[in-house]
Every structure is written in C-alpha cells, then in structure tokens.
Amino acid sequence: MTVRCAAMRLGSAAVAFALLGSLPACSARRSEPVAGPLPITTSQTEQGQKLFMLHCQQCHPGGEAGLGPALNNKPLPSFLITFQVRHGLGAMPAFSEDEITASQLDDILAYLQALRSHG
Ligand code: HEC
C-alpha cells in the first residue's frame, strides 16, 4: 500500500488513473470527484470549513496534499493538530489565538474529522 500511495504522489495522471480502481485506502480516492461533496451537517463543521478555507486550504487543498501533507488520510489526534497549528513546523506557520481562537480551532478540528470519515 505504501508503494502504491507513493506512486500516486508522483503526480502522473496516467499512473493515477491506472491505479485508481485498485486503491481503496489512498487519499486520492477521497477527493470530491470520487467520493462526492462532503455533506456538511452541523454548523460547527460549516464554520470549520470556512476557517479551513481561510487559513489552511492554500497548503492542504481540500484536506489533501499540497505544499503540506494530506490531512484526510490518517487518524491525526486532535492534540497533535492543535500543537501543529499553534507551533507550526517547517514550512507551516504557527497560528496564534489572535488569528484562530480556541473555539475556531475546535471548528476546524470538527471539519477535519468530517473530512476524514468521508469517502
Ligand atoms: C503555508 C503553508 C501551510 C499552511 C497555511 C498550513 N499548513 Fe499545515 N502543514 C504545512 C507543511 C509544509 C506541513 C509539514 C510540516 C513538516 O512536517 O515539516 C504541514 C503539516 C500539518 C499537519 C501535520 C500533518 C502530519 O501528517 O503530521 C497538520 C495537522 C496541519 N499541517 C494542519 C494545518 C491546519 C489545520 C492549518 C490551518 C489552520 C494548516 N495546517 C495551515 C503547510 C501549511
């Protein structure tokens, strides 16, 4: 599975299409065209999605890998996401409570949880 997912990251459309049918656990299968739009069921998830679009989308597009790694393909614990957001790491900036309040971060966590269980 690791090898197959690594192949996906090569970014070759041909490889992606050839493998798509046999890749049940790859993040690419969770994208909107395959899994359908994410059903936004609570106002917290809706709020989280807006905040994610504002602060995170540019590097984790739709929860998938961009400049940053995919967030929708592994069970990242909340404390780890919180730590990463507050402290940053490598190319990822830190976000203070002035930028994202504690309750806004809860909303983002709820959105990420919904993304992960989708597809
Ligand atoms: C400027 C680009 C950028 C932005 C904006 C950004 N990230 Fe990241 N993110 C990264 C990069 C790059 C990494 C990988 C850091 C490393 O390991 O060196 C990362 C890693 C992460 C990880 C750890 C993933 C893992 O597999 O361990 C989480 C969780 C995360 N980001 C969440 C967020 C959230 C939530 C936001 C919005 C509040 C956000 N990021 C905004 C670039 C970004």
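These exercises work through a ligand site, its iron atom and a salt bridge in a predicted model.

Residues are numbered from 1 along each chain as its sequence is written, and side-chain values use heavy atoms, without hydrogens and water. Local features need pLDDT of at least 70, side-chain atom pairs count only at pLDDT 80 or more, and totals for chains, interfaces and linings use all residues.

**Exercise 1. Describe the shell around the ligand.**

Step 1. Find the neighbours. A residue is near a molecule if one of its heavy atoms lies within 4 Å of it. There are 21 residues around the ligand, and Cys56, Cys59, His60, Lys74 and Met92 come nearest.

Step 2. Sort them by class. The shell holds 14 nonpolar, six polar and one charged residues. Here Ala, Val, Leu, Ile, Met, Phe, Trp, Tyr, Cys and Pro count as nonpolar, Asp, Glu, Lys and Arg as charged, and the others, Gly among them, as polar.

Step 3. Look at Lys74. An N or O atom in the Lys74 side chain is 3.0 Å from an oxygen atom of the ligand.

**Exercise 2. Identify the protein donors to the iron atom and the geometry of its site.**

Step 1. Pick the donors, which are N, O and S atoms within 2.8 Å of the metal (3.2 Å for Na, K and Ca). His60 (NE2) and Met92 (SD) coordinate the iron atom of the ligand at 2.0 to 2.1 Å.

Step 2. His60 sits in the loop between α4 (43-55) and α5, and Met92 in the loop between α5 and α6 (102-117), so the pair ties together parts 32 residues apart in sequence. Helices are DSSP runs (H or I, at least four residues), numbered from the N terminus.

Step 3. Check the angles. The six donor atoms make angles of 85 to 179°, and the site is octahedral. That label needs opposite donors over 155 degrees apart and all others between 65 and 115. Ideal octahedral angles are 90 or 180 degrees.

Step 4. His60 is buried, at 9% relative accessibility. Met92 is partly exposed, at 22%. Buried means under 20% relative accessible area, exposed over 50%, partly exposed in between (1.4 Å probe, protein chains only).

**Exercise 3. Find the salt bridge and locate it.**

Step 1. Search the whole structure for a side-chain nitrogen of Lys or Arg within 4 Å of a carboxyl oxygen of Asp or Glu. The search finds one salt bridge.

Step 2. Name the partners. Lys50 pairs with Glu46, their closest N and O atoms being 3.6 Å apart.

Step 3. Locate them. Both lie in helix α4, four residues apart, so about one helical turn separates them.

Methods:
Polar contact = N/O pair within 3.5 Å; in protein donor to acceptor, adjacent residues only side chain to side chain. Tetrahedral: all angles 85-135°; square planar, octahedral: opposite > 155°, others 65-115°. Helix = DSSP H or I, 4+ residues; strand = E, 2+ residues; numbered from the N terminus.
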